[in-house]
Amino acid sequence: SGVQTARARAGHRTVTMDFKGQQLSERMYQVCIVLFACVGFVLGYCAGSFRTMMVTYGAGVSIAIFVAVPDWVYFNQHPQRWLRADKREGHKAGKQAKRR
């Protein structure tokens, strides 16, 4: 696409999140959300303010999104090595499917 081409011309490296990176991202997001929910509850309870609780929780959600959603380089520490497709096998499979 045009965006990928522009990035390649600008010298940007294409980064894709691997499976372990997805697991790490999900775990970081969950821990951050739960941690800020607990901290927000305690702060809101001590202050007697629902607003304080929600602002703290909202800050946690914002931090969690910033940390876990973008495709950071540390999410691609274990890249997958994919095998090339054998064109002959795909061609044979296609002919067999047409005969049935």
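**The buried side of α3**

Reply: In α3, the buried residues are Thr56, Gly60, Val61, Ala64 and Ala68, where buried means under 20% relative accessible area, exposed over 50% and partly exposed in between, with a 1.4 Å probe and protein chains only. They cover an arc of only 140 degrees around the axis, which puts them on the same side of α3; the arc is that of the directions from the helix axis to the C-beta atoms.

Me: And why do residues three or four places apart point the same way in an α-helix?

Reply: An α-helix has 3.6 residues a turn, so residues three or four places apart point the same way.

Me: Before I go on, what kind of model is this, and how are residues numbered?

Reply: This is a predicted model, in which local features need pLDDT of at least 70 and side-chain atom pairs count only at pLDDT 80 or more, while totals for chains, interfaces and linings use all residues. Residues are numbered from 1 along each chain as its sequence is written, and side-chain values use heavy atoms, with hydrogens and water left out.

Me: Where is confidence lowest, and where is it highest?

Reply: Within the protein chain, the lowest confidence is in helix α1 (residues 2–9), with a mean of 51, and the highest is in α3, at 95; pLDDT is the predictor's confidence in each residue, from 0 to 100. The mean pLDDT of the protein chain is 80, with 73% of its residues at 70 or more.

Me: How many helices and strands are there?

Reply: The protein chain has four helices and zero strands, where helices (H or I, at least four residues) and strands (E, at least two) are DSSP runs, numbered from the N terminus.

Me: Back to α3, then: what do its buried residues pack against?

Reply: The buried residues of α3 pack against α2 (19–47), and the buried residues of α2 in turn pack against α3, with contact meaning heavy atoms within 4.5 Å.

Me: Which residues of α2 are buried?

Reply: They are Gly21, Ser25, Cys32, Ile33, Gly40 and Gly44.

Me: What does Ile33 touch?

Reply: Not counting residues up to four places away in sequence, Ile33 touches Tyr57, Val61 and Ala64. The C-alpha atoms of Ile33 and Val61 are separated by 6.0 Å, although the two are 28 residues apart along the chain. Ile33 itself has a relative accessible area of 17%.

Me: And Ser25, what is that in contact with?

Reply: Leaving aside neighbours within four places in sequence, Ser25 is in contact with Met17, Ala68 and Phe75, and its relative accessible area is 9%, so it counts as buried.

Me: Which exposed residues sit on the other face of α3?

Reply: The face of α3 turned away from its buried side carries Arg51 and Phe66, both exposed.

Me: What caps the N-terminal end of α3?

Reply: Ser49 does, with a side-chain oxygen 3.4 Å from the backbone nitrogen of Arg51. At the start of α2, a side-chain oxygen of Asp18 reaches to within 3.2 Å of the backbone nitrogen of Lys20.

Me: Last one: what follows α2?

Reply: α2 is followed by Gly48, whose phi is positive, near 65 degrees.

Technical notes:
Polar contact = N/O pair within 3.5 Å; in protein donor to acceptor, adjacent residues only side chain to side chain.
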